[in-house]
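Trainee: I would like to learn how to read helices and their packing. Where do we start?

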Amino acid sequence: MSSTSRTSPPRLLEQMAAVAPWRARLALASSGVWAALQAVGLSFAVVALFAVVVVLDAPSTSGTDGGLSAGVGVATGLWLLAHGVPLSAGAATVTLVPLGLTALLVFTAHVSAKRSAAPTLAAWLGGTVLYTGAVVALTVALDLAGTAAPDGVGGLVVQVGAAVLGGLVVGGGGMALGMFSAPDGPLLAGITPRLDPWLPDTLRLGLRAGLVGVALLVGLAAVLVGVWVVTGRDAVAQVADGLGGSWLGVTLLVVVQLVLVPNLVVWASAWIAGPGFAVGTGSAFTTAGSHAEVLPAVPLLGALPGDAWSPSVAVWAPVLVVACGAAAGWFAWRNLEPGLVGGRDVAWILAGTTLSAGATTVLLQWLAGGAAGAGRLADVGADPWVTGGVVAAEVGGGAAVVLVAAWAVEARRRAA
């Protein structure tokens, strides 16, 4: 009975395609469109509810109606900012992407696609096109409303380009996770054989190993941020007490900080690797020392490491990144047949590991950093290229130690 229920939908789709292929494709695409509509509507509703409550809770000189309309404008700007669209307000331009909110949008698209979309390429294309179109439309509408007008036509082109890229990555990526996340899904199962002539399987294994190394580094950074918050709870409490506000305002402030916690985790990974990060021009937080000017009145920033976090032992923190690379190398070796591994295979794995670790780190640091306002706040986060290069070297070095040692031991065993 279970096998019949599993095979009936594909047979039904095949019969539809045989009778009217364009009608079948349209029906499949419409399921993706419906999933994209759900994702856009649900995620925007959550952000709008939060933004309207924030605006109405704050003192307003324009009355409730003005506050409500301002709340919708703020919600639109925040929703677009989570897609990487710059938010302009007067002389200040915000490009710092709240990664917590972006993760919520990706999860919404993932759930909507998994529930409502057929796992086909037509459905994914239909949903991705509609999602991206919605991001672009809201970007242009926000510009026409004068809420976040960019600098001339060139600024609008930049915003529209960012909207297209953000819609494809957030909406298309989230829907792809919902439709094709299974290893035997229609997309992954079809792409993998086509990659064989272009990417050796050992290089693909190295790319996966690099992702493992970066994932371990981010996990260590998350633990470190938790330790920062616990040890710096007094400073966090002092900043929160200075802000005051009602219980609703305090709750909203906590929510705002939660969407920025992933950014702080990514910055902490740069701290562990060595290059460190900045929160404002002229500031620096590294294992060698910390220097900060006046920071924004955000309680979470009270947990940033001070001089007490820069002892002589802290400069050895990059060794942890090398250890993550060693774990990545062991992961790759466990997925090999030791008796068939040659020197070229080891080289391909190391190349893939180094490239994957460096590229992923550059992307994460680029997304987590940017401008948080005008003046000094135009420089927030870590240098993506420097951090990416350092992490690539450290992860690749750790993987090289494990892979070369394991290969040498195996070669000696075969020789004996």
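## Reading helices and their packing

Mentor: Start with length. This is a predicted model. Helix α4 (residues 99-116) has 18 residues, which at 1.5 Å a residue should span 26 Å. Its end C-alpha atoms lie 26 Å apart, so the two values agree.

Trainee: Which residues of α4 are buried?

Mentor: First the general idea. An α-helix has 3.6 residues a turn, so residues three or four places apart point the same way. Now the case here. The buried residues of α4 are Leu-99, Gly-100, Leu-101, Thr-102, Leu-105, Thr-108, Ala-109, His-110, Ser-112 and Ala-113. Buried means under 20% relative accessible area.

Trainee: And the chain as a whole? How many helices and strands does the protein chain have?

Mentor: The count is 13 helices and six strands. The protein chain has 416 residues, and 40% of them count as buried. Take its contacts with a separation of 6 or more: 77% are between residues 24 or more positions apart.

Trainee: How do I describe a pair of helices?

Mentor: Two packed helices are described by the angle between their axes and the distance between the axes. The crossing of α11 past α13 is right-handed.

Trainee: Which residues of α11 and α13 meet?

Mentor: From α11, Pro-318, Val-321, Val-322, Gly-325, Ala-326, Gly-329, Trp-330, Ala-332 and Trp-333 take part. They meet Glu-394, Val-395, Gly-398, Ala-399, Val-402, Leu-403, Ala-406, Trp-407 and Glu-410 of α13. By class, this contact has 13 nonpolar, three polar and two charged residues.

Trainee: Now helix α12 (residues 343-368). At what angle do α12 and α13 pack?

Mentor: The angle is about 155 degrees, with the axes 8 Å apart. Angles over 145 degrees count as roughly antiparallel, so α12 is roughly antiparallel to α13. α12 also passes α13 in a right-handed crossing. The contact of α12 with α13 has 16 nonpolar, nine polar and no charged residues.

Trainee: Which residue just after α12 takes a positive phi?

Mentor: Gly-370, with a phi of about 140 degrees.

Conventions: Residues numbered from 1 in each chain as written. Predicted model: local features only at pLDDT ≥ 70, side-chain atom pairs only at ≥ 80, totals over all residues. Heavy atoms only, no water. Left-handed = near helix turned anticlockwise from the far one by under 90°. Helix = DSSP H or I, 4+ residues; strand = E, 2+ residues; numbered from the N terminus. Contact = heavy atoms within 4.5 Å. Nonpolar A, V, L, I, M, F, W, Y, C, P; charged D, E, K, R; others polar. Expected span 1.5 Å × (residues − 1). Buried < 20%, exposed > 50% of the residue type's maximum accessible area, 1.4 Å probe, protein only. Axes fitted to C-alpha atoms, helices over the stretch in contact; angles between N-to-C directions. Parallel < 35°, antiparallel > 145°, perpendicular 65-115°, else oblique.
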